[in-house]
Amino acid sequence: MGDLLIMSKKELRRKSIFDLVKLGQITQLDASKRLYLSYRQTKRAYQRYLKEGDSGLVHRSRSKPSKRAYSFEMKKTALALYEEKYWDFGPTLAAEKLDEEDNLKLHAETLRIWLKAAGLWLPKRQRKAHRFRRTRRSRFGELLQLDGSIHAWFTGIATKQCLMNLIDDATGKTLALLDTGETTDAAFRLLKWWIKLHGIPMGIYVDLKSLYISPKSLRHTDEDDLVEPEWLTHFSRACKTLGIEVIKAYSPQAKGRVERNHGVYQDRFVKELRLRSINTIEGANKLLQGRFIDSLNNKFMKTPASEEDAHVALMPDQNLDDIMCWEYTRTVYNDWIVRFENQLLQIQKTSIVRVRPKQTVILKRHLNGKITLWSKGQKIPYRFTEHREEKKKETRPYTSEQRRHNACKNRSKSPWNQFKPGWLKQTKENLVATT
């Protein structure tokens, strides 16, 4: 080892005891007791020390590569792939992608050590506030948490999109879709997708956005805390029809499970989109509906405390297309016309339900853009009609003679004549008498 010799504390202690044996101050039996070694092992170590000196006490495997270690070529290949493709991945996710995409099986902690040594990854220190954990619900479908995550999901595009995320509280099973914003349309489509897969859940946890909760429902007195029917949003009205309880969350920490799950998507989904060169909402949704969500659920889903499923099947008379929609109340005009968004809907005479003028009907705008009219639970046939062209009145400028003539003509309509009709006549008679 040359002039430089590196020894551990254990080896230095063994040297000091063997020096005492060499000076004859203690025996080898006493040395074995102090070193917690057997007598035979102590004799072998002492003989090697006498023969080789201090270097005889150094462990033989020091500075030699392990037979179980990864090869240098594998380390070089992994670091090169990380710099090329996975430069913004964490060690755990990068190790998974190296195994899936590049057939390079590597332990995540080994990759973490290599990246830290090469200066390619630095751990992020996270400070978390002290909070009490709320226990999970016991049954699958007992409570869902819904929220939107606005983020720049496509690499290289500054425009932000919204990922609508729906997660089960008991199992952590997730379902998501990407849209331009956190809209009623996206919430309807996501909840409709969940119901088709699993059934109707018992409750859903949402924040206080006006999409889910009407601002009027937050105004109540101590005497009356109930929400009036007209205070329901389109989303909460659909949930009430299906029997889903809408629970208000007054802080992000209240529905922390879906908030933390946003971080999983913002980490893994963004990188998956970049690897597959996807930069459209349609392509992202195809990836979500494919194997991406299934892989997330297989990796992070938990087993519920109870095997009972809290979902309820749809009733035969329940149609999701007629429930997951926008409902409006409209009045029928005298010519059996219903107005909606500057469109005229002419109710047909062959209607099964008798509709009269001045009567209110329900107008539904569905997710596919179709409009239907309803009265007493029955669908009303209609057709679109065009607006009537109004005749424009020709306006001519009045001359001074015409203005004088109109003023004399409308003299009886003045306020004085309107409230005191005999005032002007009495004035004229007084003028004649004085003259």
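Modeller: Start with Lys358, which is in the loop between β8 (343-347) and β9 (360-365). Bear in mind that this is a predicted model.

Colleague: What is phi of Lys358 near?

Modeller: The general idea is that most residues other than glycine have a negative phi. Here, phi of Lys358 is near 70 degrees, a positive value. At 62% relative accessibility, Lys358 counts as exposed, because the cut-off for that class is over 50%.

Colleague: Which loop holds Trp336?

Modeller: Trp336 is in the loop between β6 (326-331) and β7 (337-340). Trp336 is not a glycine, yet has a positive phi of about 60 degrees. Its relative accessible area is 36%, so Trp336 is partly exposed.

Colleague: Now helix packing. At what angle do α4 and α6 cross?

Modeller: Two packed helices are described by the angle between their axes and the distance between the axes. For helix α4 (residues 72-84) and helix α6 (residues 108-118), the axes come within 11 Å and cross at roughly 70 degrees. The two helices are therefore roughly perpendicular to each other.

Colleague: Which residues of α4 and α6 meet?

Modeller: From α4 there are Met74, Lys75, Ala78, Leu79 and Tyr82, and they meet Trp114, Leu115 and Ala118 in α6. By class, that contact has seven nonpolar residues, one charged residue and no polar ones.

Colleague: How do α9 and α10 pack?

Modeller: Helix α9 (residues 256-275) and helix α10 (residues 281-300) have axes 12 Å apart, at an angle of about 130 degrees. That makes α9 oblique to α10. The crossing of α9 past α10 is right-handed.

Colleague: Which residues of α9 take part in the contact with α10?

Modeller: On the α9 side they are Val264, Tyr265, Arg268, Phe269, Glu272 and Leu273. Their partners in α10 include Leu287, Arg291, Phe292 and Lys299. The contact of α9 with α10 has 11 nonpolar and four charged residues, and no polar ones.

Colleague: On to cysteines. How many disulfides does the structure hold?

Modeller: A disulfide is a covalent bond between the sulfur atoms of two cysteines. This structure holds zero disulfides.

Colleague: Is Glu142 buried or exposed?

Modeller: Glu142 is buried, because its relative accessible area is 17% and the cut-off is under 20%. Glu142 is in the loop between α6 and β1 (144-151). Leaving aside neighbours within four places in sequence, Glu142 is in contact with Arg137, Asp168, Met202, Gly203 and Ala310.

Colleague: What does Leu320 touch?

Modeller: Leu320, found in helix α11 (residues 320-323), is buried, with a relative accessible area of 6%. Not counting residues up to four places away in sequence, Leu320 touches Lys192, Ile195, Lys196, Leu242 and Leu314. Leu320 and Ala238 are 82 residues apart in sequence, and 9.2 Å apart in space, C-alpha to C-alpha.

Colleague: And for the chain as a whole, how many helices and strands are there?

Modeller: The chain has 14 helices and 12 strands. Of its 435 residues, 36% count as buried. Among contacts between residues at least 6 apart in sequence, 64% join residues at least 24 apart.

Conventions: Residues numbered from 1 in each chain as written. Predicted model: local features only at pLDDT ≥ 70, side-chain atom pairs only at ≥ 80, totals over all residues. Heavy atoms only, no water. Axes fitted to C-alpha atoms, helices over the stretch in contact; angles between N-to-C directions. Helix = DSSP H or I, 4+ residues; strand = E, 2+ residues; numbered from the N terminus. Parallel < 35°, antiparallel > 145°, perpendicular 65-115°, else oblique. Contact = heavy atoms within 4.5 Å. Nonpolar A, V, L, I, M, F, W, Y, C, P; charged D, E, K, R; others polar. Left-handed = near helix turned anticlockwise from the far one by under 90°. Disulfide = S-S within 2.5 Å. Buried < 20%, exposed > 50% of the residue type's maximum accessible area, 1.4 Å probe, protein only.
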